[in-house]
Amino acid sequence: MPLICVCSPKGGVGKTTLAANLTYALARSGSKVLAIDFDMQNALRLHFGVPLSDERGYVAKSAESYDWGQDVLTAGGNIFVLPYGDVTEAQRLTFENNLVNDEHFLARGLGTLLNYPGLVIVADFPPGPSAALKAITPFADLHLVTLLADTASMSLLPHIENQRLTGGELNHNHGHFFVINQSDTRRQISRDVTAFLEERLGDRLLGIIHRDESVCEANASQKSIFDFSPSSAAAFDIEIIARKIVAKLGINVGDGTVHNVSRKSGL
């Protein structure tokens, strides 16, 4: 059960879009993939065709439920999504309080999913430090930190290097890696920042995603970049990143077959 955490020290970097398209990329090769949303904006579901009016999710009843997998939604093919859901402020605070104060809370709620054979999990988090990101770190196989090719992202590198996202090592298994998103070769500052980050991060840089308007258009259509514009630069870049993750984690990707859907825990 590989668990990949997609996070960032700041918002607006395309983190959720990357998590969604990474889910699509891994599922295209035959892996059964679950996308989990830990961000109260509840936006991850929209990338998988879940209607805006659909308020289902696991957080509202997380304190009473011992199996959050019952709230998993099927998104077609090998893809499943566990939305954050629509919650009250009290429900959000209860959820975060439980993450902080109950060391078994996350393992109990996600237990069935974490032990589901052959399932790859891609988890999306709110920007910056969060209770969820810290709580899930012991279970994570790899953290993927998303940055923009801009000076604001570059200035936040010390936040990660000084362990400010979780107060400790970001990943204890296969480590944490970086993705530079929306690198624009037409702009000098973007080229300069990309070059600086390439040199600074070295082997920790897993990939660079070029700025591509097809990504925004695919989001608006609630489609993956692979379905919307399979020959686009961004689709190629994300596919390469997915293959690198597969290699690092030793994921058995299969042959592209769509698996039969079991009813256990929504999968």
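Strands β7 and β8 pair in the parallel sense over four bridges, where two strands count as paired if DSSP finds at least two bridges between them. The chain crosses from β7 through α7 to β8, and this β-α-β crossover is right-handed, a term meaning that, with the strands pointing away from the viewer, the path from the first strand over the helix to the second runs clockwise. Helices (H or I, at least four residues) and strands (E, at least two) are DSSP runs numbered from the N terminus. Within this pair of strands, V179 stands opposite G207 in β8.

This is a predicted model, in which local features need pLDDT of at least 70 and side-chain atom pairs count only at pLDDT 80 or more, while totals for chains, interfaces and linings use all residues. Residues are numbered from 1 along each chain as its sequence is written, and side-chain values use heavy atoms, with hydrogens and water left out.

The two strands belong to an open sheet of eight strands with mixed pairing, in the order β3-β4-β2-β5-β1-β6-β7-β8. Its edges are formed by β3 (73–74) and β8 (205–210), each of which pairs on one side only. Strand β7 (residues 176–183) also runs parallel to β6 (residues 142–148), to which six bridges join it; in these, L147 has I180 as its bridge partner, and L148 has N181.

Seven of the eight residues of β7 are buried, so the strand is largely enclosed by the rest of the structure; here buried means under 20% relative accessible area, exposed over 50%, and partly exposed in between (1.4 Å probe, protein chains only). N181, which is found in β7, counts as buried at 8% relative accessibility. Leaving aside its neighbours within four places in sequence, N181 is in contact (heavy atoms within 4.5 Å) with V13, G14, T146, L147, L148, A149 and I209.

Helix α7 (residues 188–201) lies across β6, β7 and β8 and runs at about 170° to β7, whereas helix α10 (residues 233–249) lies across β1 (3–7), β6, β7 and β8 and runs at about 165° to β8. For these angles, axes are lines fitted to C-alpha atoms, for helices over the stretch in contact, and the values run from 0 to 180 degrees between N-to-C directions.

Helix α8 (residues 213–220) has buried residues S214, V215 and A218. They cover an arc of only 105° around the axis, which puts them on the same side of α8, the arc being that of the directions from the helix axis to the C-beta atoms. On the other side of α8, C216 and A220 are exposed. The cover over the buried residues of α8 includes α1 (15–28), α9 (225–228) and α10. At the start of α8, a side-chain oxygen of D212 reaches to within 2.9 Å of the backbone nitrogen of S214, and Q222, with a positive phi near 55°, follows the helix.

Most residues other than glycine have a negative phi. Against that background, N42, in the loop between β2 (32–37) and β3, has a positive phi of about 60° although it is not a glycine, and N42 is buried, with a relative accessible area of 5%. Q163, in the loop between α6 (157–161) and β7, likewise has a positive phi, near 60°, but at 34% relative accessibility Q163 counts as partly exposed.

Methods:
Polar contact = N/O pair within 3.5 Å; in protein donor to acceptor, adjacent residues only side chain to side chain.
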